[in-house]
Amino acid sequence: MGTRVSYPVEIKLKAIEMGLAGVPVKEVLSQLNIRNPTQLKTWMKWYQNGDVHRLEQPVGKQYAYGKGPDFENEIAKLKTENRQLKQQIEILKKYKELERKWYQKSQ
């Protein structure tokens, strides 16, 4: 059994962004140095199900389904949620832009 690799949230979000943009899985894996294609599929599933908080959990803790990270107070929780929503919006904006470019090319 190999050692577990912990990827930063930024890498996970970049991989999701590339996946949404239609970049082939092998290319995403090689560009971001991700070892396992199943990992990318798992991150995509979490993103599509709205479980973005799971991307921030440490290795081995991702399966605490339905439980987000512990917060010191309500403000910390809201700041984290706000950051996650901003990241989702940015990813969707980039996806829409790529979709628009593809649509223009096909005409």
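**Helix packing and a loop residue in a predicted model**

In this predicted model, Lys12, Ala15, Ile16, Gly19 and Leu20 of α1 meet Leu40, Trp43, Met44 and Tyr47 of α3.

Student: How many residues of the contact of α1 with α3 are nonpolar, polar and charged?

Tutor: The α1 side brings Lys12, Ala15, Ile16, Gly19 and Leu20. Lys counts as charged, and Gly counts as polar. The contact divides into one charged, one polar and seven nonpolar.

Student: At what angle do the axes of α1 and α3 cross, and what is that arrangement called?

Tutor: The two axes come within 10 Å and cross at roughly 85 degrees. Angles of 65 to 115 degrees count as roughly perpendicular. Therefore α1 and α3 are roughly perpendicular.

Student: Which element gives the most to the largest nonpolar core?

Tutor: This core has 19 residues, and Ala15, Ile16, Ile34, Trp43 and Leu55 touch the most other members. Two or more residues come from each of α2 (25-32), α3 and α1 (9-20). With six residues, the top giver is α1.

Student: Which residues is Ile16 in contact with, leaving aside neighbours within four places in sequence?

Tutor: Ile16 sits on the α1 side of the contact with α3. Beyond its sequence neighbours, Ile16 touches Leu55, Tyr47, Met44 and Trp43.

Student: Is Asn73 buried, partly exposed or exposed?

Tutor: Asn73 is in the loop between α3 (37-48) and α4 (74-106). Its relative accessible area is 41%. Buried means under 20% and exposed over 50%, so Asn73 is partly exposed.

Student: Which backbone nitrogen does the side chain of Asn73 reach at 2.8 Å?

Tutor: A polar atom of the Asn73 side chain lies 3.1 Å from the backbone nitrogen of Ile75. At 2.8 Å, the side chain reaches the backbone nitrogen of Ala76.

Definitions and conventions. Residues are numbered from 1 along each chain as its sequence is written. This is a predicted model: local features need pLDDT of at least 70, side-chain atom pairs count only at pLDDT 80 or more; totals for chains, interfaces and linings use all residues. Side-chain values use heavy atoms; hydrogens and water are left out. Helices (H or I, at least four residues) and strands (E, at least two) are DSSP runs, numbered from the N terminus. Buried means under 20% relative accessible area, exposed over 50%, partly exposed in between (1.4 Å probe, protein chains only). A polar contact is a pair of N or O atoms within 3.5 Å; within protein, one must be able to donate a hydrogen and the other to accept it, and residues adjacent in sequence count only if both atoms are side-chain atoms. A nonpolar core is a set of buried Ala, Val, Leu, Ile, Met, Phe, Trp, Tyr and Cys residues joined through side-chain atoms within 4.5 Å. Contact means heavy atoms within 4.5 Å. Axes are lines fitted to C-alpha atoms, for helices over the stretch in contact, and angles run from 0 to 180 degrees between N-to-C directions. Angles under 35 degrees count as roughly parallel, over 145 as roughly antiparallel, 65 to 115 as roughly perpendicular and the rest as oblique.
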